[in-house]
Amino acid sequence: MDDGAKSKVLEVRGLQVKLQTGTGTVPLLEPIDFELKKGQVLGLVGESGSGKTVTCNALLQLLDRQTMDVKGSVRLNGRELNGMAAEEMRRILGKDIALIMQNPMNAFTPVYTIGAQFMETIRTHTQLTTRQARNLAITALEKMNLPEPAKLLKRYPFQLSGGMLQRVMIAISMCLRPAVVIADEPTTALDVVNQLQVLRELDRLRTEYGTSILLISHDLGVISQMADEVAVMQQGRIVEQAEVHRLFNQPQHEYTKILLHARPKLSLRDMNQVGG
């Protein structure tokens, strides 16, 4: 029991979000509970509008406190994040908990080079010199199997494909070895081959560094190949949560059954054949 408690990296208890309007409050996220252990991948699935991205933003303290009422507990390695001061939270984001965004094209500022944005992240959270930060960035890009990383640092986001940008984003997220990575629909905008590359890298990073991953997706095909456990969201609440094989083989909730029935039949085995 003690070892299990110590291995809990992220603990979410009673997390709920309400939108403040001129006529009252609108619930966006009902109280939800889940946890992530070291090296675990938890899949959070559901259709568009089910509350997945609201959950992601609530965990990262990115919701507007003027219009959103966020309650509950979000503990990262025992440290409470909910209600944390913005400046303190900025020191944690990118270093202890990282985000891989849904659309890689929107994750970068178009007027700065990849290198400038990469090294800014590193230097914000470390005492490394510019040269040391550049070397770390090159090493991180090499691990993503990106060609000519030194030249890539000099390029602008529009000069890279969506698949390459997604791998750059993973490299930035992982170079400081965060305890938790939140991957919000990381393969949505990618073709099958690039999906496979991104998923392989996420799995490798989990295996090598013991990083816990919250994998947010509407694609149960991806979740079935990556996740250890799955939580199914519908209308702002978790309606079912189970070990991945049990959920796929013995779904209990009607909504889960509908999602399973509707999912594409293409698996990572098929994708491996496509990717060679």
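1. Six strands, ordered β6-β7-β8-β3-β9-β10, make up an open sheet with mixed pairing. Strands are DSSP runs of E of at least two residues, helices are runs of H or I of at least four, and both are numbered from the N terminus; two strands pair if DSSP finds at least two bridges between them. The edges are held by β6 (97-100) and β10 (237-243), each with a single partner strand, so one side of each lacks a neighbour in the sheet.

2. This is a predicted model, in which local features need pLDDT of at least 70 and side-chain atom pairs count only at pLDDT 80 or more, while totals for chains, interfaces and linings use all residues. Residues are numbered from 1 along each chain as its sequence is written, and side-chain values use heavy atoms, leaving out hydrogens and water.

3. Within the sheet, β7 (residues 180-184) and β8 (residues 212-217) pair in the parallel sense over 5 bridges. Val181 has Ile213 in β8 as its bridge partner.

4. Helix α4 (residues 114-125) has several buried residues, among them Phe118, Met119 and Ile122. Buried means under 20% relative accessible area, exposed over 50% and partly exposed in between, with a 1.4 Å probe and protein chains only. The buried residues of α4 pack against α3 (86-92), α5 (130-143), α6 (149-152) and α7 (162-174), where contact means heavy atoms within 4.5 Å.

5. Leu63 lies in the loop between α2 (52-59) and β4 (68-76). Its relative accessibility is 15%, so Leu63 counts as buried. Leaving aside residues up to four places away in sequence, Leu63 touches Val17, Val54, Asn57, Ala58, Met68 and Val70. Leu63 and Val17 are 46 residues apart in sequence and 9.3 Å apart in space, C-alpha to C-alpha.
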